Each structure stands twice: as C-alpha cells, then as structure tokens.
Amino acid sequence: NIIDGFSRGQVASKVWLVNELEKIDSTFENILIYAGWCGQLVLFLEKVLDFEHIRIIDKDPVACAISDRVINNHLIKDWRVKSSCANIEDIEQYLNHCHIPLINRAGDKIMSKFSPDLIINTSAEHMNEDWFYNIKKDCIVAIQSNNLFDIEEHTNCVTSIDAMKKKFKMNEIFYEGELQLQGYKRFMLIGKK
C-alpha cells in the first residue's frame, strides 16, 4: 500500500491538486483530508500551502500509524498534523464544525472539535457522495475521482468531469479538469457547495 501511495499516478495527482489549490488560495487555517491513506498528501501540501492544522481521516489503523509515526512525524507536535482512525460516515458534522475522534499516546479517545476551511477527498471513487452533502457549506472542497471501474474497491467512479459535477453539486466552482494518466483518467473539482 505505501508503495502504491507513491506511484507515478498518485504523485502526479497530488502535485496537480496542490498546484491548483495554490492558485485559489495558499493559506488555510484548518485542512481536513478524507480517506487520507498514510498521510502522504501532507508532504505535498506543506511545500506550497500555509496551514495551522491538518486532520487526516482513514479507517485503516496501520495507515494512520504510518502517517503519525513516519510520514508526518515532523508535524505531530501539538497535533499540528494528526490522523484519526475512523469511518468518514462516523464523523459528526455540524453547521460550522465537526467532531473528530483522536487517540492520544495513552490510548485515550478524545473528541476534537475541528472547523475546516478546506476539505480534501482524493479518493471519492471509494465511497458514495453522502460525505459531501454532510459537510459545512462555507469551506473550499477539493475532490478527485477516476474512471478505473475494474478495481473492486472503486464503487463510485465517474466517466467525465460532467458526471462528477452531477454527483457533487457545487454552488461555486473554482477549478474543474481532468488529468490523463497511464491507463486511466483522474478528474478534479475544487469549489464550494
């Protein structure tokens, strides 16, 4: 999994994302990453964006441990960057914030109040779009999906950017586009719902 996280297609997709985000805004207070895997996206974000805190949600405890202890260990102090082993559907969403379960070093679960001004989901093909309709409306949302229908875990792929716009209805779109990779296309929307 960690090797695939740094494959040519994954890296190209992350570079594309941060380049387009930087054109929209280079400063964010709180960034929330859905299905953040091993937290490798932070390596790209920290090169071009200013931020106070990042929370990474992933249901794989091994991926979260790799994020906190290896990839983002240099940013773990005061939980500047911290992973949460949770299902996206279990994140409690409110009008202007969400509650994210975090585990401290003693193993205690702490519910952390977090108010993101940027939400990123580069794995939208792995889940239905309910997560999108549950998030707060005044933050920027960056979404990536693909047309790799033959992968079993890809339960919600799209065929085009237009199909993606129908799934994720935004009131304001800052960027829309596609990236041709080896054997598939990646699609990206950045905007506000």
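**A briefing on strands, rings and cores**

Glu92 is located in strand β4. This is a predicted model. The chain contains 6 helices and 10 strands.

**Glu92 and His97**

- Is Glu92 buried, partly exposed or exposed? Glu92 has a relative accessibility of 36%, so this residue counts as partly exposed.
- Glu92 touches His97, Cys98, His99 and Met111, leaving out residues up to four places away in sequence.
- Met111 is 19 residues from Glu92 along the chain, and the two C-alpha atoms are 9.9 Å apart.
- His97 sits in the loop between β4 and β5.
- His97 has a relative accessible area of 14%, and the limit for buried is under 20%, so His97 is buried.
- Which residues are in contact with His97, leaving aside its neighbours within four places in sequence? They are Glu92, Lys113, Phe114, Ser115 and Lys136.

**The sheet around β5**

- An open sheet is built from 3 strands, in the order β4-β5-β6, with antiparallel pairing.
- Why is one side of β4 and of β6 left without a neighbour in the sheet? Strands β4 (92-93) and β6 (109-114) stand at the edges, and each has a single partner strand, so one side of each has no neighbour there.
- Strand β5 covers residues 98-103 and pairs with β6 over 6 bridges, in the antiparallel sense.
- Leu102 has Ile110 of β6 as its bridge partner.

**Aromatic pairs**

- How many aromatic pairs are there? The count is 6.
- One of these pairs joins Trp16 and Tyr175 in an edge-to-face arrangement, with 6.2 Å centre to centre and 80 degrees between the planes.
- This pair links distant parts of the chain: Trp16 belongs to helix α2 (residues 8-24) and Tyr175 to strand β9 (residues 172-181), and they are 159 residues apart.
- Trp16 has 10% relative accessibility, so Trp16 counts as buried.
- Tyr175 has 18%, which is also under the 20% limit, so Tyr175 counts as buried.
- Trp131 and Phe168 form a tilted pair, at 5.8 Å centre to centre, with 45 degrees between the planes.
- Trp131 is in helix α5 (residues 130-133), while Phe168 is in the loop between α6 (161-167) and β9, so their pair ties together parts that are 37 residues apart in sequence.
- Trp131 and Phe168 are both buried.
- Which residues do ring pairs link into a cluster? The cluster holds Tyr34, Trp131, Phe132, Tyr133 and Phe168.

**Charges over rings**

- Phe132 also has a charged residue over its face: Lys193 lies there, 5.7 Å from the ring centre.
- Phe51 has the charged end of Arg80 over its ring, 4.3 Å from the centre.

**Nonpolar cores**

- In soluble globular proteins, nonpolar side chains tend to be buried together.
- The largest nonpolar core here has 27 residues, and Trp131 and Ile143 have the most contacts inside it.
- Which elements give two or more residues to this core? They are β1 (27-34), β5, α5, β8 (140-146), α6 and β10 (184-192).
- Strand β5 gives the largest share of this core, with 3 residues.
- Trp131 touches Tyr34, Ile88, Ile119, Asn121, Val141, Ile143 and Phe168, not counting residues up to four places away in sequence.
- A second, separate core has 24 residues, including Ile31, Ile33, Val42 and Met188.

**Overall shape**

- The C-alpha atoms fill a box of roughly 45 × 35 × 30 Å along the principal axes.
- For 193 residues, a compact globule would have a radius of gyration near 16 Å, and the chain has 16 Å, so the value agrees with that picture.
- What percentage of the 193 residues count as buried? The value is 50%.
- Among contacts with a separation of 6 or more, 58% come from residues 24 or more positions apart.

Terms used: Residues numbered from 1 in each chain as written. Predicted model: local features only at pLDDT ≥ 70, side-chain atom pairs only at ≥ 80, totals over all residues. Heavy atoms only, no water. Phe/Tyr/Trp six-rings, centres within 6.5 Å; stacked < 30°, edge-to-face > 60°. Helix = DSSP H or I, 4+ residues; strand = E, 2+ residues; numbered from the N terminus. Buried < 20%, exposed > 50% of the residue type's maximum accessible area, 1.4 Å probe, protein only. Lys NZ or Arg CZ within 6 Å of the ring centre and 35° of its normal. Pairing = 2+ DSSP bridges. Core = buried A, V, L, I, M, F, W, Y, C linked by side-chain atoms within 4.5 Å. Contact = heavy atoms within 4.5 Å. Rg over C-alpha atoms; globule rule 2.2 N^0.38 Å.
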